[in-house]
Amino acid sequence: MAGKAVSRRRVRQLLAAEDFAASLRELRAMPPEQALKYLQAGLPASQPMLKWRAVTALGQVAQGLAARNLEGARDFVRRLLWCLNEESGAVPWGVAEALGEVLANSPELAREYANLQLSYIWNQGNFLEFEPLLTGAVWGVGRLASANPELARGCCALERLVPLLAWPEASVRGTAAWALGNLGDGQAVGHLEKLAQDQERLEIWQGGGLRRTSVGELAGEAINKIIKADK
């Protein structure tokens with residue numbers, strides 16, 4: 001499909017298709033500027049699976065664009081950042097997650113924009129107070145950390161994530177625990193141990209699917225991941 005026009009309808013069909021791996025191949029072959037536009041429009045999808053597939057696809061299409069046209073990829077990242085700005089007037093459903101996925105897929109973009117990604121979970125930065133958006137921003141940091149933990153640590157991810165382990169909302173606490181596991185910093189272990197008995201439930205996107213789990217389970221997994229990384 002390279003060089004052909006992209007339709008919103010076709011992008012929606014690909015996000016809903018049973019064979020999502022084939023969908024990703026087709027999406028990556030589309031003219032990236034058009035594909036990114038329609039994928040971004042899919043972020044507020046009422047069905048969580050479609051939203052998360054849009055996030056995944058955005059990361060891969062943006063990676064392809066960055067390899068050929070870094071400035072074009074920068075322009076797309078700037079559009080995501082504008083959506084996260086209060087002045088945009090929009091509720092940026094899925095945008096912080098998409099930003100994290102894009103940065104995880106593109107080291108060049110990550111080096112330029114990682115500090116901004118971290119600013120959305122920092123109460124002295126561009127903190128997203130609305131809990132669903134904050135959860136998404138924490139997930140984005142965790143996704144960045146999974147791909148580039150050294151960069152995330154250099155951007156003070158540990159200091160930004162640890163306070164969120166005490167957040168009242170389980171989705172924020174649990175996602176922060178998962179993100180710290182990806183970060184792999186041994187200093188987080190003592191903080192994570194305090195959540196061992198936290199049985200509040202949440203959903204988190206992992207390994208290409210939505211997982212229903214508890215804060216304590218995610219904290220335990222994060223501790224094990226950090227310990228293994230230290231050996």
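Modeller: Helices (H or I, at least four residues) and strands (E, at least two) are DSSP runs, numbered from the N terminus. The structure shown is a predicted model, in which local features need pLDDT of at least 70 and side-chain atom pairs count only at pLDDT 80 or more, while totals for chains, interfaces and linings use all residues. Residues are numbered from 1 along each chain as its sequence is written, and side-chain values use heavy atoms, with hydrogens and water left out.

Biologist: What is the phi of C156, which is not a glycine?
Modeller: C156 is placed in the loop between α9 (149-154) and α10 (157-161). Most residues other than glycine have a negative phi. C156, although not a glycine, has a positive phi of about 65°.

Biologist: Which residues lie nearest the centre of the largest pocket?
Modeller: On a 1 Å grid over the protein atoms alone, a pocket is an open set of points where a 1.4 Å probe fits, with protein on both sides within 12 Å along at least five of seven lines; lining residues have an atom within 4 Å of a point. At least two lining residues come from each of α4 (48-68), α8 (131-147), α11 (170-183) and β1 (201-206). Of the 22 residues that line this pocket, those nearest its centre are K51, W52, E97, P132 and T135.

Biologist: How much space lies in the largest pocket?
Modeller: Grid points are joined across faces, edges and corners, and a volume is the space filled by probe spheres set on the points. For the largest pocket, this space is about 450 Å³.

Biologist: How far is the charged end of K51 from the centre of the ring of W52?
Modeller: A charge sits over a ring if NZ of Lys or CZ of Arg is within 6 Å of the ring centre and within 35 degrees of the ring normal. The charged end of K51 sits over the ring of W52, and its distance from the ring centre is 4.1 Å.

Biologist: How many aromatic pairs are counted?
Modeller: Rings of Phe, Tyr and Trp (its six-membered ring) pair if their centres lie within 6.5 Å; planes under 30 degrees apart count as stacked, over 60 as edge-to-face and the rest as tilted. By this rule, the number of aromatic pairs is 5.

Biologist: How are the rings of W139 and W178 arranged?
Modeller: Both residues, W139 and W178, are buried. Their ring centres are 5.8 Å apart and their planes are at 15°, so the pair is stacked.

Biologist: How many residues apart in sequence are the parts that W139 and W178 tie together?
Modeller: The two also belong to one aromatic cluster with W52 and W205. W139 lies in helix α8 and W178 in helix α11, so the pair ties together parts whose separation in sequence is 39 residues.

Biologist: How many bridges join β1 to β2?
Modeller: Two strands pair if DSSP finds at least two bridges between them. β1 and β2 form a hairpin with 2 residues between them; R201 stands opposite S214, and I204 opposite R211. β1 runs antiparallel to β2 (residues 209-214), and the number of bridges is 6.

Biologist: What distance separates the C-alpha atoms of Q199 and E217?
Modeller: Q199 is in the loop between α12 (189-193) and β1. Q199 is exposed, with a relative accessible area of 53%. Q199 and E217 are 18 residues apart along the chain, and their C-alpha atoms are separated by 7.9 Å.

Methods
Buried < 20%, exposed > 50% of the residue type's maximum accessible area, 1.4 Å probe, protein only.
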